[in-house]
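Subject: Structure handover and notes

Dear colleague,

Please find the structure below, with the notes on it following directly after. I would be glad if you read the two side by side.

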Amino acid sequence: MPSSPAPGGRGRRPVDRPPITPTGIVDAALRLTETEGLDAWSTRQLAAALEVWPRAVYHHIGDRDAVADAVADRVVGMISLPPQELAWREWFSALLLEGRPVLRRYRGVARRLVRIGPIIPSALTMMDRGILVLQEAGFAEGATAAYRYLTNSAFTLVMVEDDRAENLPEARERLAGALAAHRDDPERRGLAAVGAAVTSRGTDDPEAIAALEDDFYAYTVERSLDGVAAVLSRPDRGGLSG
């Protein structure tokens, strides 16, 4: 029996198409997320891409939040968890540096992780592994807070990068140009130093600007690791348990 007609008067779903499944729905939502961002598509758009009525999405997975959670779970699951035998600092450095390009590919997933928290299975698995690494390193009750600090610091920066790409795509180029204008400013030596650094990488080359963002993200991760490492020398190992 042919499937239900697709929304928008596009006729029935071709009989030679595979049946709709939860996996197929998430696959389609993942493709929309890659091109549009997680927050930019609607259930109706997803159903149209699948050539089904929206109720088919609800039937197989649930409402839009349920689909978004499934997409986020799939994306976070693409981030490889480092080997448990690595030292804690190397473990988190690898996780956060290698996780960024995955999250940037699917805009909006980092925002969902930061705003809602690790409620999806893959994020819970990541948290479990990360906290165990920190506990074994001696963070004791402070392991949970250290994990939250490290992941939130990194993923919040990814969220900001996503927001800029979606809403202010030329913002980085404008900022680079504004800073470069001060590279020879004798009265603002701080800005002159920043302007010289920016100019050395290029102010209108997208790849150079992207490289600046890469460098800043790596810097943020390393300084966050430095801060967490400092608590190991304290008697309470950071003291925070939540």
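Trp 91, Phe 92 and Tyr 147 form one aromatic cluster, where rings of Phe, Tyr and Trp (the six-membered ring of Trp) are paired if their centres lie within 6.5 Å, and where planes under 30 degrees apart count as stacked, over 60 as edge-to-face and the rest as tilted. This is a predicted model, in which local features need pLDDT of at least 70 and side-chain atom pairs count only at pLDDT 80 or more, whereas totals for chains, interfaces and linings use all residues. Residues are numbered from 1 along each chain as its sequence is written, and side-chain values use heavy atoms, with hydrogens and water left out.

A search of the whole structure finds three aromatic pairs. Among them, Trp 91 and Phe 92 are edge-to-face, with 4.9 Å centre to centre and 65° between the planes, and both of these residues are buried, a term that stands for under 20% relative accessible area, with exposed meaning over 50% and partly exposed what lies in between (1.4 Å probe, protein chains only). Phe 92 also pairs edge-to-face with Tyr 147, at 5.9 Å centre to centre and 65° between the planes. Because Phe 92 lies in helix H5 (residues 88-105) and Tyr 147 in helix H8 (residues 143-167), this pair ties together parts that are 55 residues apart in sequence. Both Phe 92 and Tyr 147 are buried.

The charged end of Arg 64 sits over the ring of Trp 41, 4.0 Å from its centre, and that of Arg 223 sits over the ring of Tyr 219, 5.0 Å from its centre.

As for the overall fold, the protein has 11 helices and zero strands, these elements being DSSP runs numbered from the N terminus (H or I of at least four residues for helices, E of at least two for strands). Buried residues make up 40% of the 242 residues. The protein exposes about 13,000 Å², of which carbon and sulfur atoms supply 53%, the areas coming from the Shrake-Rupley method with a 1.4 Å probe, and for residues only the protein chains shown counting as cover. If one takes the contacts (heavy atoms within 4.5 Å) between residues at least 6 apart in sequence, 70% of them join residues at least 24 apart.

Next, the helix packing. Two packed helices are described by the angle between their axes and the distance between the axes. Here the axes are lines fitted to C-alpha atoms, for helices over the stretch in contact, and angles run from 0 to 180 degrees between N-to-C directions; those under 35 degrees count as roughly parallel, over 145 as roughly antiparallel, 65 to 115 as roughly perpendicular and the rest as oblique. The axes of helix H4 (residues 64-77) and helix H6 (residues 109-116) come within 10 Å and cross at roughly 110°, and H4 and H6 are therefore roughly perpendicular to each other. On the H4 side the contact is made by Asp 65, Ala 68, Asp 69, Ala 72, Val 75 and Val 76, and on the H6 side by Val 109, Arg 112 and Leu 113.

Arg 112 has a relative accessibility of 13% and so counts as buried. Neighbours within four places in sequence aside, Arg 112 is in contact with Leu 38, Asp 65, Ala 68, Asp 69, Ala 72 and Gly 117.

Helix H4 also packs against helix H7 (residues 121-137), the two axes coming within 7 Å and crossing at roughly 40°, which makes H4 oblique to H7. In this case Ala 72, Asp 73, Val 76 and Gly 77 of H4 meet Pro 121, Ser 122, Ala 123 and Met 126 of H7.

A few single residues remain. Asp 162, in helix H8, is buried with a relative accessible area of 0%, and, not counting residues up to four places away in sequence, Asp 162 touches Leu 103, Arg 104, Arg 107, Gly 108 and Ala 110. Ala 140 lies in the loop between H7 and H8 and has a phi near 50°, a positive value in a residue other than glycine; at 39% relative accessibility, Ala 140 counts as partly exposed. Glu 51, in the loop between helix H2 (43-50) and helix H3 (54-60), likewise has a positive phi, of about 60°, although it is not a glycine.

Technical notes:
A charge sits over a ring if NZ of Lys or CZ of Arg is within 6 Å of the ring centre and within 35 degrees of the ring normal.
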